[in-house]
Amino acid sequence: MKLASATIYALQIPFVESFRHSAHLRQACDSVVLRVVDENGVVGFGEGAPRPYVTGETPEVVVDHLAHNLWPKVAGVELPDPQADGLSTLDAFIPDMVLAGVVSPNAARCALELAMLDCGLRARGASVAAVVPPRRASVTYGGIVTAGSIDAAARRAAQMKLVGLSDIKLKVGIGDDMERVAAVRQAIGPEVSLRLDANGAWDLAEALQVLPPLAPFDVAAVEQPLPRGAVGDLRILREASPIPVMVDESLVTVDDAERLFAEEAVDMVNIRLSKCGGFQRSMEIARMAADAQVGVQIGCQVGETAVLSAAGRHLAAGLPDVVFVEGSFGTLLLVEDVSVESVRFGHGGRAPVLSGPGLGVEVVEDTLRRYAPRVVELSAGGPQL
Amino acid sequence: MTISVEAAFAEHVDQLTASPPFRGLESGEASREEFDSFIANLIRAHVNSPRVVAFLYALAPPAACHDMLHNLLEEIGIDDESGVSHPAMLHDLAAGARLAPVMGELERLAAKDLRSMVSEPLLYGTLKEVGLAALCEVVAFEFMLSRVASRIERALATHRGLGAESLRWFHHHSEVDIAHAQQGLQHIEDYVLYYGFSEQDAQNIIELTLRENVFIKRYFSQVSPTTASTMQG
């Protein structure tokens with residue numbers, strides 16, 4: 001397979017409602033979707049969701065990195081066959097690069113890996129299931145409650161319980177944690193699993209103070225209590241905290257995983273395709289977590305489109321042990337998603353494993369164009385801005 | 001609960017009438033293409049309404065059954081003094097706006113919307129909850145139209161030059177239908193009572209249904225530029 005052309009869509013799909021956490025207010029999907037076309041006209045799609053406070057990438061960085069650094073390395077070159085050669089060969093084909101101010105350009109890498117995978121598998125009429133065999137027939141998603149008012153958070157949590165979700169993540173770290181957690185626990189009752197996400201809002205001393213009083217609310221885990229940084233602090237917190245500690249922003253690269261697991265600094269990790277650089281690296285981190293007896297959550301990028309949701313579904317279905325899964329919110333969050341068939345989960349958070357060719361979703365290109373203020377066309381000769 | 005539902009509907013109506021595209025229609029500042037997109041979106045949103053009302057009739061609680069049957073028959077032009085079905089009135093609107101050539105495409109898109117709605121995984125565990133969400137959205141449109149239809153009718157007559165025959169659909173849904181809209185609010189109460197919803201669960205379903213302004217979404221966002229440019233041709 002050789003890639004002949006590509007199109008980069010820098011999206012702005014409005015949210016149905018804004019989404020807030022301690023580090024950011026998000027009102028639209030700002031994913032970057034990459035469409036590649038091989039020499040026979042077979043099309044594949046990938047997506048990366050840049051988060052400056054996670055990987056250091058902005059949408060502009062992802063577009064420019066794809067157009068000027070990554071595309072020239074893969075355009076017009078014979079690429080590995082993902083089904084025959086495996087994910088690792090595909091991953092090795094995408095060069096690692098260091099960008100100033102960026103932890104790791106993983107959103108761009110993810111977009112390219114997924115697009116090449118989708119295209120390569122579609123060319124053979126094969127599903128991602130051929131390279132990431134599903135271990136279950138369906139995936140069960142949880143809900144995420146944004147950091148609005150306490151009353152709104154409790155109402156939204158109750159609505160999530162009403163649609164049958166069995167686990168809920170609550171954004172905290174905005175100064176009203178005790179009241180917020182109490183209100184949400186009361187709204188969902190004892191039977192729904194509750195975990196917290198501070199998005200690095202506390203320092204070690206604050207976390208040590210805040211977490212113990214929250215433990216009686218039966219909190220399954222606290223995600224990213226401290227900012228990305230000192231692994232030693234995480235270990236101290238983990239040893240002292242009555243609530244299991246999960247990391248998200250602290251885990252971007254395989255090197256991060258090695259350090260975290262070597263220091264026995266975490267109980268769980270949140271693996272997200274866009275954050276971790278695609279399937280191969282996400283699966284490698286999941287394997288390392290299993291070896292270290294660390295729990296795995298397959299997370300999502302809030303506001304991701306059907307492309308990343310479909311990929312996340314395959315990843316969650318293909319790993320042996322997954323404690324929590326997030327994503328596939330579709331039009332619960334976006335005013336419009338980009339696929340023909342909805343990938344949104346149904347009652348109970350359940351969604352079937354996708355079996356169609358490639359990632360298993362048909363993307364509506366007209367929708368991409370309508371919601372993309374910036375479109376970059378690429379040919380084997382380079383970008384045409 | 002009627003009061004809070006009515007307040008939520010009223011808030012959405014206010015958002016619609018304050019929205020720039022709606023104000024553009026009323027002031028006449030909207031372009032011909034924007035008027036046509038609005039008309040096309042409205043037709044797409046309502047051309048399948050008899051089928052949606054039929055679904056609601058199937059789930060209707062005894063107290064609302066008679067009214068809902070009347071609504072259904074009215075939709076298909078039987079229980080209506082004009083003898084014209086509401087989709088036929090929308091065909092007249094398309095013809096008056098010289099959009100008849102794209103009516104087939106709009107019906108195809110409306111069918112696609114219905115298919116998507118039916119195919120999408122159900123968020124709720126039972127049909128009674130799906131029914132409440134659907135009833136809430138239908139009554140929201142009735143409520144909105146009973147307050148806004150004559151304004152739209154006037155805008156289309158004044159700035160788009162449409163005649164009374166083309167605008168019959170708006171007349172049927174205008175302020176003369178305000179009692180109908182009030183009846184819809186009562187139907188929601190009847191439904192909640194009959195199916196034994198807790199106040200909280202009913203409120204949650206209604207709030208989830210009204211998370212986004214469906215009026216603005218349906219009337220001003222759905223037709224893609226590709227479709228719109230086809231229509232202009």
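**Entry 1: the interface**

I started with the area buried between chain B and chain A, which is about 2000 Å². Carbon and sulfur atoms give 50% of that area. On the chain B side, Glu120(B), Leu123(B) and Arg211(B) lose the most area to chain A, together 33% of what that side buries. I noted beside this that the model is a predicted one.

Next I looked up who takes part in the contact: 21 residues come from chain B and 19 residues from chain A.

How many salt bridges cross the interface of chain B and chain A? I found 3. I looked up the pair Arg155(A) and Glu207(B), which form a salt bridge with their closest N and O atoms 2.9 Å apart.

Then I asked which elements of chain B give two or more residues to the side that touches chain A. They are helix 7 (103–119), helix 11 (199–209) and helix 13 (225–232) of chain B. Helix 11 of chain B gives the most, with 5 residues.

**Entry 2: aromatic pairs**

I turned to the rings and searched the whole structure, which holds 11 aromatic pairs over all chains. A reminder to myself: such a pair is described by the distance of the ring centres and the angle of the planes.

I took Phe9(B) and Phe143(B) to begin with. Their ring centres are 5.5 Å apart and their planes stand at 55°, so I wrote this pair down as tilted. Phe9(B) sits in helix 1 (residues 2–18) of chain B and Phe143(B) in helix 8 (residues 127–160) of chain B, so the pair ties together parts that are 134 residues apart in sequence. Buried or exposed, I wondered about Phe9(B) and Phe143(B)? Both are buried.

Then came Phe141(B) and Phe215(B), with centres 5.1 Å apart and planes at 80°, so this pair is edge-to-face. Phe141(B) belongs to helix 8 of chain B and Phe215(B) to helix 12 (residues 214–220) of chain B, so parts 74 residues apart in sequence are tied together here. Phe141(B) and Phe215(B) are buried as well.

I followed the ring pairs onward and they link Phe38(B), Phe141(B), Phe215(B), Tyr219(B) and Phe220(B) into a cluster.

**Entry 3: a serine in chain A**

I moved to Ser309(A), which is found in helix 12 (residues 306–318) of chain A. Its relative accessibility is 2%, so Ser309(A) counts as buried. What does Ser309(A) touch, leaving out residues up to four places away in sequence? I listed Tyr141(A), Glu304(A), Ser328(A) and Val343(A).

**Entry 4: two positive phi angles**

Last, I checked backbone angles in chain A. Glu264(A) has a phi near 50°, a positive value in a residue other than glycine. I placed Glu264(A) in the loop between helix 9 (254–262) and strand 12 (268–271) of chain A. Its relative accessible area is 56%, so Glu264(A) is exposed.

Gln293(A) also went into my notes, with a phi near 55°, positive in a residue other than glycine. I found Gln293(A) in the loop between helix 11 (279–291) and strand 13 (295–298) of chain A. With a relative accessibility of 75%, Gln293(A) counts as exposed.

Note on methods:
Residues numbered from 1 in each chain as written. Chains lettered and ligands numbered in written order. Predicted model: local features only at pLDDT ≥ 70, side-chain atom pairs only at ≥ 80, totals over all residues. Heavy atoms only, no water. Contact = heavy atoms within 4.5 Å. Buried area = accessible area lost by both parts, 1.4 Å probe. Salt bridge = Lys/Arg side-chain N within 4 Å of Asp/Glu carboxyl O. Helix = DSSP H or I, 4+ residues; strand = E, 2+ residues; numbered from the N terminus. Phe/Tyr/Trp six-rings, centres within 6.5 Å; stacked < 30°, edge-to-face > 60°. Buried < 20%, exposed > 50% of the residue type's maximum accessible area, 1.4 Å probe, protein only.
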